[in-house]
Structure formats: C-alpha cells, structure tokens
Amino acid sequence: MGMQRYFFIILLSVLLFSADSISGRVRQDTTVINRIFRYAESIDTSNIAGTHTYAYQRFFINTKKRNPILMAVPTMYGIAHGGARSFAGEFYDKIIFHGYGHYESKRVLDINTIPHRRRTLTTILRYLTPEIYHTTIIDKEILSPFNKVNRRFYNYKTIYLDNYHAKVIFKAKVDNTQLVSGRATVEMATGRIISVDFYGEYDMLRFRLSLQMGDEGLTSLLPKRCEMNGRFKFIGSHITASYLCHYGMDIPVEDSLSLVYGRATDTDSIIRGTMSRIRPEPLTAEEDTVFKRYFKEQLYRQEQMALDTLPHQTPAQKNLAKYVFWDILGDHLLNRIRSRFGVNDQGYLRISPIFNPLYFGYSDRRGVVYKFDIRTSYDFTPNRDVSLRFKSGYSFKQKQFYYYVPFRFNYNKRRHAFFAVDIDHGRHVYSSEIAKDFEEEYVDSLRLAQTRLDYFRDTFIRIYNNYDISDNWSFNVGFTFHKRDAIDKEGFKQLGLKYTYRTSAPRIEVQYRPTGWYGPAITLDYERGIKGFLGSDGAYERWEIDGSYIHRLPSLQALSMRLGGGLYSMKSGKQYFLDFTNFRQNNLRGGWNDDWSGEFELLRSSWYNSSDYYIRSNVTYESPLLVASRIPWCGHFIEMERVYLGSVLAEELKPYVEFGYGFTTRLASLALFVGNRNGHFERIGCTFGFELFRKW
C-alpha cells in the first residue's frame, strides 16, 4: 500500500509538472507571435524619404513544355516561338525611396538572353519585393501571416532553437489562394524575423519565397536577400523560373550605361564586365552556359549580317520577313504593347492586344463583348501632364460598336485642376414617349413597317473643367451635348418621322468630402438644357445628388455604400429622353474592379429613361474569404467574393430590388443576380468577364 501511494504521488507530480510546462509553453508561443505583430510599429520609418540604394537581380527560365497558345499569354511571346528553351538575365537597379513602402526603381544595367531583350514573366517582379509586416505581402494580394489582422486565418506553432531564437511554423486554416504556409526564424526578445520561407499559389503561378531580412532598424523590415522559385502551367505549357535578388547594395554605376545595352558589341562587353564586378554571388552552371551560348550566337549573327549586306545574298531578306511577320505583327496581335517616349521617358503608351481570345466578356444585356483599349500619357512636369484613352468594345448580341474617349489635361495636379473632354458613343437609350405619341396616328403604318420607335443610339460629349479649392471641396463646370439617332432609321424615314434628337446644356457639379479624399463624398449635379443652344431640340432642368463611401476593413475586406437621387424639375415641350448622370448603363466595364458594385445588372435599358425622378441605393460587401472560398478544392482558386444589394425607386418601379453574389478567380469573374420589381420576381441573370492574366 505504501509503494502504491508513493508511486501515485510521483505520477501525479509528473503530470502536474508536464501540464505546467505545456501551459508555460503555450503562453510563450503567444508572446513570441505578439512580438512579431508589434515589431514593425517599433521601427522608425520617417527618415527613409530621399534616400537611395542599389539592387541586383538575376533570373533563369526553363521551358519544359510549350504550345502555340503560350504566345497569347502576356510577356511570353518572346520565349513561346524561339529556338532556345532556357533563358537567363541580370539586372542592376537604382532604388529611390519616397517613403516606407513607396519607392521607384531605375534600371542601370540590363543583360538578358530573351529575343529582342523583351521582358517576360513581369508579374513575378512583384514577388521580389515582399512586405511581410503589411496586411498583404505582395501589393494588395496574399494576406500576410505576420500582420495581426490576419491572425484568424492562420495556425501557428513555435519551436525553440535556443535561448535567443525560435522557429515559427505557420499554416493556412483553409486552402485558399490568398493564404500561404511556411516557417520563419525569429529573434525571441524583439519579434524580429531573421529569415522566412513560405509557399503558395496565386494568379496562375505556384511559388516559393526564401527571404533573409535586414539586421536592424529600417532595414530589418525589408529583405536583403530574396530567392524565388516559380512554376507556371497553362494548357499544356510548363515553365519554371528562379530569381535571386540582393538589396541594399552600395556599388554605384553610371546611369548612362542603362542606355547602351543591346547587341554583343564592345559596349555590351563593358556592361558584362561591370556586372561581373558587382555580382554578389557567382552564376550557376546552367546560367553561365546559357549566357555563353547566347553571346556566341549573337557574335555569329553579326558576322553573318555583315556578309548579308552583299547584293547577291538573300538570307537577310528571309530574316527581315521573319522579323516583320513573327516578331512584330505576331507579338502585337497577341500581346500588349507598352512603350515609353520622350527625352526623359516622359511619355507612356499602352495598347491592348489587337486580337486575343482572352479579352472577351459577357453580360446578360449585351451578350458576348470584345474589348480593345489604348492609353497614352505625357508628363510635362511633376505637376502637369496630359492623357488620352480609347476604350472600345463590340457587342455581338446588340451588333453595336461602343467606344469611350476621355482626354484630360492636368494643369495643376496639386489642386486636382484639369480640363477634360469625354466622348461616349454607342449606348442604347430608350424612349417610350415617342412610341406613345405616334402609335395612334400611325398604327397601320407601324404594323407595315415593322419598325421600333423606342431604341436610339446615343453619342455623348462632355467638356468640363475641375478645380479643388481644398481637400474637402471640388468645383466642376462645363457643358454636355447629346445626339440620339434612331437605330432603325429606315423605319422612321418610311413614316416621315424625325429620327435624330439633340440636347445641349451647361452643367455645374459641386463635391464635398467631409474628411478629405479617403472618406465619404457628396456630389450635387445641376444641368440646364437651353433650346436652340448648339441645335438643342428642347429645354430642361435636371438635379442630382449622390453620396458614396467605401469603408476599408481589415484583411482586404470592404463595404461599399451609395445613396442618391435625381429629378427633372422642368421640361419644355416634348422632352423624349431623360439622361441621368448617376443612373445609367456602363457598356465598357473593365472587369471585377470596374463599377460592378454600383450598378444594376438586370435592369432593362428602357427603365433608365422612363421616369422624371429616381432614388437609388447600393450596398456591396467584399471579402477574400467569405463562403465559396472555404469550400475544399474550389475554394483554393477564389480570390475575392462579393454580396450585392441594390434598389431603385422610380415612377413605375416601386421599388426594383436586385440581389447578387459574385466571385473572381484567376480565370474569370462571375456574378449571379436576381431582380424583383414591385414585389414580384423579375428575372435572373449573370455577368461574366475574363480575368485571366489581367494583372500580368
């Protein structure tokens, strides 16, 4: 009995000691994690503005499998049809800081073996400057496990290495593309991350990042060495890529060298020699082999080109044809064109692919739509620039070509002062009043003509000037012009009816922002149509007020709210068309981030012009991890989800209510909507848009 009692006391002591140890370890785990969350706040980042440093980067890309579709992927044309399968490159950049998290880079040295020195897999460059203490690691994507607001998405485990260091293992609670898993070595006393390895998959790219962080102060918030390995697979193509970056280097190089990279000439030899001098780590055997083969081939081509200048030689003609048809036309047909111009690269030009099957979209009203976009801008000074855009699309269902051309001259960016001209063509507008006015008199003719008197094509021009007297008040003054042509002109001609209507009006808009640019905004809009002004057919007076606010929540969540109304307080004679500024269709939306949260997807176009007044409201909640993103397998690919609720009250809409749910993935964005008019089910529909490679 005595031995049993003695054994029981020993066993109880061991259990109590173990429980106490486990309890202490859990408390210590929490302490280490909390120190990581607080570490960035303990570092002074106010003195970084105006400083600069240098960064070295190199890459190695290997094409394991490829097919012709790879040429349609942005930035991949250069490696999709060439003879080589492996490519390498080295860069040296000057980094100029404007503040913590705000910097610009200037390319100083550039050597790469991709045909015509093209940039490829440029989306990977975002992964090479991760900000692990921010809410998101890469730009506005991938929730960081080292920011407190994201703690609920991760599980943490701590392993103690010694009295000073610990290893923190973090794992996503759900399999989602916005989350990562990995491990970090941490300084226990401060919570400073010494090194971290994490892996994930986002936007068609599976990646693994290994970071060595800086040692102290501001540099400890930034990586000093970054190694990235990525894998890209797309319809049979398989590409692997490895990148190595060293930051905080202090070897200056003349900026003029950045202007002379190119052919394998003496100048190129100078750049190669300079790169060898500043290279922090030797090339791998694979990288060295690719570089040697490339420059040997370059030298051989130059020798052949020298021989091909003789009249009896023909290879140059063949090379020219290949260059024009494959390298120029092929590239421009399938890929974006980006270019800078001007003495100091003040100008910028971007053209979307002329023909690329990935640029289609779909909506219930317009059917399949193909889009095309051109943007250009020129900076005169940091405070003055000019920009022009041509945004177009073709609706196969409506057989309609749309385009939107905004021109803007910013003459004082500090005051948000600009002069602008907007041209919008192709929007279908409806007028039931025209049909009502003529149906009795022309009822037989209408039947014979079998025409529609209610649909018109609108060309809209707006010229205006904006000026902000402060961060709280903006004033916008100008005038608008509408020309509305009947879609079926022949039917109108047969009936002897007028088929073109014009309105012109001066306009003033005042916007009040109670808390500045990042808070709610209240806008008052007044327009006064004058009969006879620029050929206007009638007079009218329109008022609108609109309030909007996007409340940013932690972890990429957002609550968008909009409330407004408008009315025509005066109409002279027959005013067949009602055109509100904040209650109209948008025919050329750009995808997930372009007005999906503030419109009515299923409301028929006829309702936008059927009432002298309206009151509308829209609420949208957006989150990266809402419902579908938590579903196994399919949740892995969902990047963002939304819930929509919109309502409008008008003369015959009392009210119209629309519910919706949408999500976006690497491939496409999809939203389903249900409409309810006057308490009765209206219809159900969807909106679809390609998101594939939009961020590339």
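R462 counts as buried because its relative accessible area is 15%, where buried means under 20% relative accessible area, exposed over 50% and partly exposed in between (1.4 Å probe, protein chains only). The residue sits in strand 20, which covers residues 455–468; helices (H or I, at least four residues) and strands (E, at least two) are DSSP runs, numbered from the N terminus. Leaving aside neighbours within four places in sequence, R462 is in contact (heavy atoms within 4.5 Å) with A420, V421, D422, N476, F479, T480, R507 and E509. Along the chain, R462 and P506 are 44 residues apart, and their C-alpha atoms are separated by 9.8 Å.

This is a predicted model, in which local features need pLDDT of at least 70 and side-chain atom pairs count only at pLDDT 80 or more, while totals for chains, interfaces and linings use all residues. Residues are numbered from 1 along each chain as its sequence is written, and side-chain values use heavy atoms, with hydrogens and water left out.

The pLDDT, which is the predictor's confidence in each residue from 0 to 100, averages 80 over the protein chain, and 80% of the residues score at least 70. Confidence is highest in strand 8 (residues 181–187), at a mean of 95, and lowest in helix 7 (residues 443–449), at 48. Over residues 446–450 pLDDT stays under 50, and the model has six contacts beyond four places in sequence for them.

The protein chain as a whole has eight helices and 30 strands, and buried residues make up 47% of its 696 residues. Of the contacts with a separation of 6 or more, 58% are between residues 24 or more positions apart.

The packing can be followed from the largest nonpolar core, which has 69 residues; such a core is a set of buried Ala, Val, Leu, Ile, Met, Phe, Trp, Tyr and Cys residues joined through side-chain atoms within 4.5 Å. The residues with the most contacts inside this core are I193, F198 and F232. Beyond its neighbours within four places in sequence, F232 is in contact with residues including L70, V73, M76, M204, L205, F693 and W696.

Where is space left enclosed? A search of the whole structure finds four cavities of 30 Å³ or more, a cavity being a set of points, on a 1 Å grid over the protein atoms alone, where a 1.4 Å probe fits but cannot get out. The second largest cavity holds about 90 Å³ of space. Among the 12 residues that line the second largest cavity, F59, F91, R119, T120 and Y243 are the closest to its centre, lining residues being those with an atom within 4 Å of a point.

The peptide bond from K654 to P655 is cis, with omega near -10°, and P655 lies in the loop between strand 27 (638–649) and strand 28 (656–665). In the loop between strand 24 (540–552) and strand 25 (558–571) lies L556, whose phi is near 70°, a positive value in a residue other than glycine. W633, in the loop between strand 26 (613–623) and strand 27, likewise has a positive phi, near 65°. W633 counts as exposed because its relative accessibility is 67%.

Conventions
On a 1 Å grid over the protein atoms alone, a cavity is a set of points where a 1.4 Å probe fits but cannot get out, and a pocket is an open set with protein on both sides within 12 Å along at least five of seven lines; lining residues have an atom within 4 Å of a point. Grid points are joined across faces, edges and corners, and a volume is the space filled by probe spheres set on the points.
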